Structure formats: C-alpha cells, structure tokens
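Here's a friendly walk through one protein model, a few spots at a time. Have a look at the sequence and the structure first, then read on.

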Amino acid sequence: MLCTRLTNARFLTMDPRHPVAHALGIWRGRIVGVDDAVASLPARRVVDLGGATVLPGFIDSHVHLAWAGLKAGTPSVAPCERIEDILAVVDAAARRPAPAGAWVEVAGYDQRALGRHLTAAELDRVSHGRKVFLMHDSGHACVVNSAVLELLPDGTPHEAGFLAEGAMTAARRLRLPYSQGELADAIETAARACLDEGITACAEAGIGGGLLGHSPVELGAYQLLRDRGRLPLRIQLMASGDTLRPRAAHPDDGFPRALDLGLRTGFGDDWLSLGALKIYTDGGMMARTAALTSPYEGTAGGTGRFQDDPERIADLIVDGHLAGWQLAVHAIGDRAADLALDALERAQRLRPRPDARHRVEHAGLIRPDQLPRFAALGVSAVVQPAFLRCFGDDYATVMGEERADWMYRGRGFLDHGVELVGSSDRPVADGSPLRAIQFMVERLSLSGRSIGPDEAVTVDEALRAYTVAGARACRWEGAAGVLAAGARADLVVLGDDPHRVDPSRIGDIQVLATYVDGRDARADT
C-alpha cells in the first residue's frame with residue numbers, strides 16, 4: 001500500500017524515459033512510480049493537487065545557511081546610502097544592552113553606494129567603547145573600529161579599518177566561535193526560508209574554517225538539528241580547505257593531508273553528509289577582490305587578489321584531490337580560474353580520478369579559451385544567476401563591454417559540454433531558484449539591462465541546473481533531481497508551469513507546497 005498518491009497534476013519528472021506524468025506514488029519517503037505504475041495501488045492518502053505543476057525539489061548547490069540565519073537576526077545598514085545613516089544604525093546597535101565584551105555586529109554593508117569605504121575613525125565615534133564589526137555583503141571584507149584593529153596580529157593589512165579576504169578572516173577569528181546552539185537556530189531559520197522557495201536540498205559551502213566558518217566544531221550544529229528532529233531539508237556540508245592537516249598515514253594511502261579520521265566526501269546519509277572540500281582562490285566582484293587578468297574598469301589598475309600564495313593554494317587543491325575529496329574550488333575571476341584549472345590538471349596527472357566531479361564555484365568571469373579546459377577536466381560550473389540579476393549593472397560596468405558577456409555563463413558552458421549547476425550563495429544574493437531560472441532564460445538585470453544575451457538558456461536547461469545537474473554535482477544522481485521510481489520523494493508544487501508562462505513571469509510563480517521525504521514540509525512547521 002502506498003503512503004501517498006498525488007494526483008491531478010502535471011509532473012515534470014526531468015526523467016527522459018517518462019518526461020511528463022499525471023500521478024505519482026510515494027512509500028516511506030521514496031517514489032514508487034508514476035502514472036500506470038501506481039494508478040491501481042491502494043493508498044492511505046490521496047492528494048488532489050488541483051492541476052498544479054510539480055517538479056523535483058530544487059537543489060541549491062552553494063549556500064551559507066548559518067551566515068544567512070545569523071544575518072537575519074543582526075542589525076543591518078542596508079539599504080543605507082549615506083555614511084551618516086550607517087553610523088546612526090551602528091550607534092543604536094552599540095547602545096543596546098549586552099554582556100561585557102560583546103561585539104557590535106552589523107550586516108548589510110556595501111561601499112558602492114557610498115563611493116568609498118567607512119573608516120575605523122568614523123566607527124570609533126559611535127562605538128561607545130565596544131568592538132565593532134561591519135560585514136560586507138559579499139562575505140569577502142569588513143570594516144572594523146580601532147578596538148578591533150588593536151587586537152589584530154602585527155602586519156595584518158588594512159585600509160583605515162577596511163579588511164579584505166585573509167585580513168577579514170583574522171578579525172573574525174577574534175570573535176569566534178559561535179555556540180552550536182546559536183548556529184543550529186540560525187541554520188534552521190535559513191533552511192525554512194529555503195523550503196518556502198521550493199528548495200529541498202542544499203550544499204553548505206564551507207564550514208569549520210575559511211572566510212565563513214563559524215566554529216571549529218561547526219558540523220556539530222547540523223548534527224544537533226538532526227538529533228532533535230529539526231533539520232527541515234537535506235544538507236550536504238563542504239569542509240573548508242584549511243581544516244585539512246598533515247597526517248602520518250600509511251605511505252600506500254598516498255596523501256599528505258587529510259581531515260581528522262580520514263573523513264572525506266560521501267560520509268553521512270540521505271539527510272546530512274560530507275560533500276566537497278571547499279578551497280578559496282580569490283575574492284569577489286562586489287568587493288573588487290576577484291582575481292582578474294586585466295584590471296577592473298574605472299580603477300587604478302586593480303586586478304583583485306588571491307587568498308594566499310598561489311603555489312600554496314595549488315598545493316592544497318592537489319592534496320585534497322590526492323586525499324580522495326571531491327573539490328569545490330572558489331574561483332570568480334578569470335585569473336583565479338586559470339589557477340584552479342592548472343592545479344586540477346596537475347592533480348589528475350598525479351592520480352587520475354575520472355569521476356572526481358570537481359566543481360568550480362561561481363566561475364564568474366570565464367574567458368572563451370577557458371571553456372574547453374573545463375570540459376576536458378570534466379569540471380562542473382556552479383554559478384549564481386541571481387548575482388547578475390541583482391548586481392549585474394555594477395558588474396557589467398566594472399568588467400567593460402567585452403568581458404560583460406563572459407560573466408556567469410550559461411550557453412557557453414552547455415555548448416562545450418560543461419555541467420551547468422544553479423545555486424544562490426545565499427545570503428549574498430536572492431535565494432529564489434525560480435527568479436534565478438528567469439534570469440538564465442532572459443539575461444536581464446533588475447533594471448532591465450541585457451547582460452550577455454548570447455549566454456541565455458532554455459527553460460528546460462535552466463530547470464535542469466537546479467534539479468538533475470544539482471543532484472549530480474552533489475553526487476545524488478538517481479536519488480534526487482528527478483521524479484522516478486526509487487528517488488527520494490522530494491518535490492515542489494508550483495502554481496504554474498515555467499514553460500507555459502512568459503519568461504518575465506517565471507520568478508513570480510507561486511510555490512504551493514514543498515515535499516521532503518514524502519511530506520509537505522511547510523505544512524509540518
């Protein structure tokens with residue numbers, strides 16, 4: 001007997017063997033089959049979906065749930081566009097009652113509307129004797145006051161209180177760690193927001209270290225949620241690359257560095273597992289720290305920066321590959337992509353792993369000559385279409401006319417046989433898969449500016465990026481991303497079919513229900 005039969009819907013299965021169905025059967029959290037395979041089976045519950053459109057649950061392959069949840073509860077200076085308004089928010093936050101020694105943390109900082117960065121001296125005027133930390137919206141920089149600067153290691157580079165990349169990490173380490181309880185609450189908050197957008201599984205892009213780790217025992221926060229029955233959706237965790245340590249393993253094992261106990265990609269279960277090893281190469285476009293081969297337009301020759309010495313970054317990529325990890329290499333600028341591709345080629349020469357499924361996270365600016373290299377290595381491109389939807393006017397301006405067409409590609413990757421994977425980088429940008437899919441089809445920013453129109457893809461190709469391709473990038477193929485017998489009963493019920501509405505309306509389609517493990521997860525909250 002089926003647990004549930006869903007009927008009276010248009011099921012877009014993403015399974016080429018049976019692309020469209022009208023009924024679907026579920027038993028103990030798995031799909032039994034569709035249409036005739038389940039029509040005659042008895043069911044404890046029959047749900048009439050009223051003609052809705054149903055897709056496999058969306059997979060967001062690159063998110064930061066802990067950061068997103070913490071940000072939601074943090075005072076924010078967005079959308080302040082005047083320095084005095086920002087300082088007023090900081091002043092109010094610093095006056096709030098707090099335990100002795102507590103930091104003043106403020107989110108939503110972005111210098112672009114201001115024309116320059118805030119300074120430590122300006123923050124000092126409204127700090128009221130407390131340490132102040134303003135997180136840049138990109139996650140790649142911050143501004144702090146003098147009380148924080150005084151605690152930083154000697155030689156930490158900063159510009160009047162503005163710290164980028166590794167310097168920001170040094171400042172964050174003064175504040176860390178958060179408790180597992182705090183993190184669990186934040187993760188749950190962000191995960192429930194994902195459910196509202198039809199997301200049933202996601203990949204957390206870097207825990208335990210790096211730019212955005214929140215605790216050296218961060219994985220325990222996710223286990224805490226799982227143990228207490230509060231994990232709303234399926235989560236794959238990427239360990240930060242700097243959590244690898246030299247290990248005196250047997251020489252036959254062939255790797256110089258590993259995570260404790262030799263844990264690596266694949267450990268875990270359907271709900272919580274270890275995915276790729278996250279390795280940063282460069283910064284971000286918003287903070288002007290993505291590493292480019294030619295300068296940002298309108299700057300004094302600025303070409304961004306690497307996170308560390310390039311040879312050390314390359315060695316970490318190679319060591320992660322040798323240790324058996326799938327790698328998720330953050331590379332936004334084309335110079336960073338060169339570094340990533342060179343290192344991955346070296347790694348594969350040393351120990352060929354044809355099904356390693358390494359990923360380049362963001363792939364924000366990829367030259368035409370780099371596309372065949374992605375394909376030859378079998379590397380997927382995990383892009384964030386919402387970056388151009390939300391920030392595309394600015395990005396196109398600082399890249400210039402020619403390079404604007406190379407940003408966050410779609411068609412270019414697909415035409416070269418590169419797996420195109422959709423994600424959001426939540427909370428850096430809008431997390432809605434439907435609005436991202438709309439951009440992938442239209443290539444229009446919020447202002448209506450056309451950005452790389454030749455990189456537009458079809459609705460089917462965009463949907464695949466958030467279903468089938470996302471499942472493959474997370475090594476979940478067959479179990480997620482399709483509505484087929486044996487797959488997890490994770491699906492999203494939509495108020496309209498993305499194929500049947502004008503592309504400009506795709507982002508407005510209503511999410512009616514989000515099923516995880518065969519149950520409407522939003523109704524259960």
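Where is Pro427 found? Pro427 sits in the loop between β18 (420-422) and α14 (433-442). Labels like these come from DSSP runs numbered from the N terminus, with helices being H or I runs of at least four residues and strands being E runs of at least two. The peptide bond leading from Arg426 into Pro427 is cis, with omega near 10°. Another cis bond joins Ala78 to Pro79, with omega near 0°, and Pro79 lies in the loop between α2 (65-72) and α3 (83-95). For context, most peptide bonds are trans.

A quick word on the ground rules: this is a predicted model, where local features need pLDDT of at least 70 and side-chain atom pairs count only at pLDDT 80 or more, while totals for chains, interfaces and linings use all residues. Residues are numbered from 1 along each chain as its sequence is written, and side-chain values use heavy atoms, with hydrogens and water left out.

## A look at helix α9

Helix α9 covers residues 310-322, which is 13 residues. From first C-alpha to last, α9 reaches 18 Å, close to the 18 Å expected at 1.5 Å a residue (the expected span is 1.5 Å times one less than the number of residues). After α9 comes Gly324, with a positive phi near 95°.

What do the buried residues of α9 pack against? They pack against β13 (257-258), β14 (272-280), β15 (327-331) and α10 (334-350). Among those buried residues are Ile313, Leu316, Ile317 and His321. Here, buried means under 20% relative accessible area, exposed means over 50%, and partly exposed is in between (1.4 Å probe, protein chains only).

## Positive phi without glycine

Most residues other than glycine have a negative phi. Leu261, though, has a phi near 65°, and this leucine is found in the loop between β13 and β14. Is Leu261 buried or exposed? Leu261 counts as exposed because its relative accessibility is 86%.

Ala363 also has a positive phi, about 45°. Ala363 is in the loop between β16 (359-362) and α11 (371-377), and with 0% relative accessibility it counts as buried.

## Salt bridges

How many salt bridges does the structure hold? There are 46 of them, each a side-chain nitrogen of Lys or Arg within 4 Å of a carboxyl oxygen of Asp or Glu. One of them brings together the side chains of Arg346 and Asp315, 3.2 Å from N to O. That pair links distant parts of the chain, with Arg346 in helix α10 and Asp315 in helix α9, 31 residues apart. Arg346 is partly exposed at 30%, and Asp315 is partly exposed at 34%.

Arg475 and Asp355 meet in another salt bridge, at 3.3 Å from N to O. Arg475 lies in the loop between α16 (468-473) and β19 (491-494) and Asp355 in the loop between α10 and β16, so this pair ties together parts 120 residues apart in sequence. There's also a network of salt bridges, linking Asp334, Asp338, Asp342, Glu345, Arg367, Asp369 and Arg373.

Note on methods. Contact = heavy atoms within 4.5 Å.
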